Each structure stands twice: as structure tokens, then as C-alpha cells.
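The structure is shown first.

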Amino acid sequence: METNLLTGKKGIIFGALDESSIAWKVAVNCVNNGAKVLLTNAPIALRMGNINDLAKICNSKVIPADATCIIDIQNLFSEAEIYFGGKIDFILHSIGMSLNVRKKRSYTDLNYDYLMKGLDVSAVSFHKVLQVAYKLDVINDFGSVLALTYIAAQRTFPDYNDMAENKSYLESIARSFGYHYGKRNNVRINTISQSPTFTTAGKGVSGFDAFYDYANKISPLGNASAEDCAKYCISLFSDYSKMVTMQNLFHDGGFSNTGISNDVIELFGNKTDDKVN
Ligand SMILES: NC(=O)c1ccc[n+]([C@@H]2O[C@H](COP(=O)([O-])OP(=O)(O)OC[C@H]3O[C@@H](n4cnc5c(N)ncnc54)[C@H](O)[C@@H]3O)[C@@H](O)[C@H]2O)c1
């Protein structure tokens with residue numbers, strides 16, 4: 001969908017790995033809405049994925065940066081200033097990784113070195129990005145910063161493992177930094193809590209297919225796709241959401257507020273009298 005919601009705006013997109021990445025769809029939608037974007041990912045991801053194809057689609061450039069490394073983030077922002085000829089208006093943090101999930105360590109047998117690495121990549125990196133941006137003053141007044149999260153921060157999903165704590169920490173940073181950046185520059189900071197989505201990170205969680213199907217059957221609107229998530233991001237980068245900050249915003253087809261659905265009751269062999277289903 002092409003509109004002009006972001007005409008004249010410039011932003012940095014972290015975390016596009018391949019076509020399935022949520023960040024990939026966000027980058028394309030930003031450009032289709034009139035924005036200019038700069039793409040970044042960890043140096044290793046540049047070798048694994050196909051972000052350079054995205055750069056061509058977006059008429060953009062890729063600056064490698066490990067989001068846990070302050071020097072990389074400083075370099076990214078100074079390159080961005082040269083590339084755009086000034087400050088930026090939005091940032092997407094679309095980064096997640098748990099070494100315990102990757103190495104198949106169960107929640108009751110966590111490796112704490114893995115835990116610290118996953119926390120740094122998935123959550124503390126958000127603080128690092130914001131702190132460097134704040135100190136260098138790289139975001140225009142009334143800019144918008146988003147990070148992606150999952151409802152396991154509030155409710156238990158056993159196979160989500162230590163990513164649950166990482167997401168809680170991430171969401172808390174949006175509230176705490178949202179205060180400080182809001183006071184100084186009217187910059188708003190929010191997290192979007194997205195439905196299960198088939199991406200490289202999503203599929204890494206064991207039992208992901210069941211996660212996906214269950215959420216799809218519970219949610220009155222069904223699961224939100226990556227493309228829908230991208231459109232929601234556009235609205236939050238736009239001037240139409242200027243007063244929304246420090247929020248965790250559920251983008252999940254109604255999953256978060258549904259106790260049970262008739263679809264799920266019927267899965268257990270019971271009839272319901274809901275004529276719609
Ligand atoms: N897929 C889902 O079901 C789902 C649901 C809710 C929220 N999310 C969140 O959405 C975000 C994006 O994930 P995705 O599903 O698009 O998967 P993805 O695998 O496409 O994206 C994850 C990205 O994190 C990047 N990354 C990892 N370590 C990094 C580092 N040190 N520095 C910079 N980047 C690094 C990866 O290279 C990759 O591009 C994550 O925060 C994820 O937790 C995903």
C-alpha cells in the first residue's frame with residue numbers, strides 16, 4: 001500500500017535478514033510511504049542473509065553494526081548523519097536471539113553465559129541504541145522509536161525460554177527511556193507485541209507451528225502477519241501517533257484479550273452454540 005505517511009522522514013532499520021524478516025517488510029513499507037531508510041544488521045548476518053537485495057529494493061545502503069557494540073552504534077549514527085545530511089526521524093529495533101534456545105538448553109537448565117549474551121543482544125542492545133542516539137542527539141524532535149516484542153513477557157509460554165525475560169526487559173526500557181527522551185525531545189518510544197510470525201527467529205522456538213496455530217485459533221482476527229506489522233509500524237512512525245509513548249502495543253488480532261475461542265473448544269471435541277463459528 002502506497003501512501004505518503006512518511007514523506008520527508010528518514011530512519012534506520014535494524015534486523016532485516018531475509019524476505020521473511022519483519023524488518024524487511026517494515027523497510028519496504030517505509031520507502032513505499034515516502035521515507036528514506038538506512039539498513040543495518042550484525043556483520044555475520046550480512047554474510048548469512050540477503051540484506052543487500054533489500055538495499056537495492058529500497059534504494060538504500062547497508063551499514064554493518066553489532067547492536068551490542070557501542071562503537072559500532074556510534075559509527076552507524078555518524079554514517080547515517082552523512083548519508084541523510086542530518087538527523088533521523090525513526091528507528092526500528094527488530095533484533096532477538098537466545099543462545100539457550102539455539103543450543104536447546106531447557107529453562108530449568110539454563111547456561112548463564114548464554115543467558116547474558118541473549119539478554120545483551122535482545123534487550124540491552126535497545127538501551128545501547130537509545131543511549132548513543134540520546135548522547136549524540138541524532139533523532140529529530142517528535143521522532144519515533146519502536147522495538148518488537150512478544151506476549152511471553154506477560155504470560156508463560158514454556159518453550160519461549162529465557163527470551164521471555166529478555167522481552168520483559170526490552171519493554172521496560174521503552175517505558176524508562178521513553179520518559180527521558182520524551183522530556184528532552186518529544187521522542188516517543190514504544191514496543192509492538194506481535195503475533196507469532198514465520199521468520200528465522202520465530203522458527204527457532206521449538207513447537208513454533210503449534211504456537212502459531214493455537215494463537216491463530218484463539219485470536220478473533222487470526223494472527224497478524226509481518227506485512228500487517230509493517231503497516232502498524234508505519235502508523236507509529238507517522239505524525240498520526242505523536243502522543244503515543246512508553247506503551248507496549250499488542251498487534252495480535254485480539255489474542256492478548258481473549259480467554260478462549262469456540263475454535264479451540266471445538267478442537268477438544270465439544271460443540272459450541274456460536275453460530276458464527
Ligand atoms: N517471529 C515471531 O514470531 C515474532 C513474534 C513477536 C516478536 N518478534 C520479534 O521480532 C523481532 C524480529 O525478528 P524476526 O521474527 O523478524 O526474525 P529475524 O530472524 O528475521 O530477525 C532477527 C534479527 O536480529 C538480528 N540480530 C541478531 N543478533 C544481532 C546483533 N548482535 N546485532 C544486530 N542485529 C542482530 C539478526 O541478524 C536478524 O536480522 C525480534 O525482536 C523478535 O523477537 C518475532
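## Helix packing and ligand shell

Helices H6 and H7 are roughly parallel to each other, because angles under 35 degrees count as such and their axes cross at roughly 10°. The model in which this is seen is a predicted one. H6 covers residues 112-136 and H7 residues 163-185, and the two axes come within 8 Å.

On the H6 side the contact includes Gly118, Leu119, Ser122, Ala123 and Phe126. Among the H7 residues that they and others of H6 meet are Met163, Asn166, Tyr169, Leu170 and Ile173.

The protein as a whole has eleven helices and seven strands. Its radius of gyration is 19 Å, close to the 19 Å given by the globule rule for 277 residues, so the protein is as compact as a globular protein of that length. The C-alpha trace spans about 60 × 45 × 40 Å along the principal axes. Of the 277 residues, 43% count as buried. Among contacts with a separation of 6 or more, 72% link residues 24 or more positions apart.

Around the ligand there are 27 residues, of which Ser21, Ala45, Gly96, Ala201 and Gly202 come nearest.

H8 gives the most, with three residues. By class, the shell holds 14 nonpolar residues, twelve polar and one charged.

Terms used
Residues numbered from 1 in each chain as written. Predicted model: local features only at pLDDT ≥ 70, side-chain atom pairs only at ≥ 80, totals over all residues. Helix = DSSP H or I, 4+ residues; strand = E, 2+ residues; numbered from the N terminus. Rg over C-alpha atoms; globule rule 2.2 N^0.38 Å. Buried ≥ 20, exposed ≤ 12 C-beta atoms within 10 Å, placed from the backbone. Contact = placed C-beta atoms within 7 Å. Axes fitted to C-alpha atoms, helices over the stretch in contact; angles between N-to-C directions. Parallel < 35°, antiparallel > 145°, perpendicular 65-115°, else oblique. Near = placed C-beta within 6 Å. Nonpolar A, V, L, I, M, F, W, Y, C, P; charged D, E, K, R; others polar.
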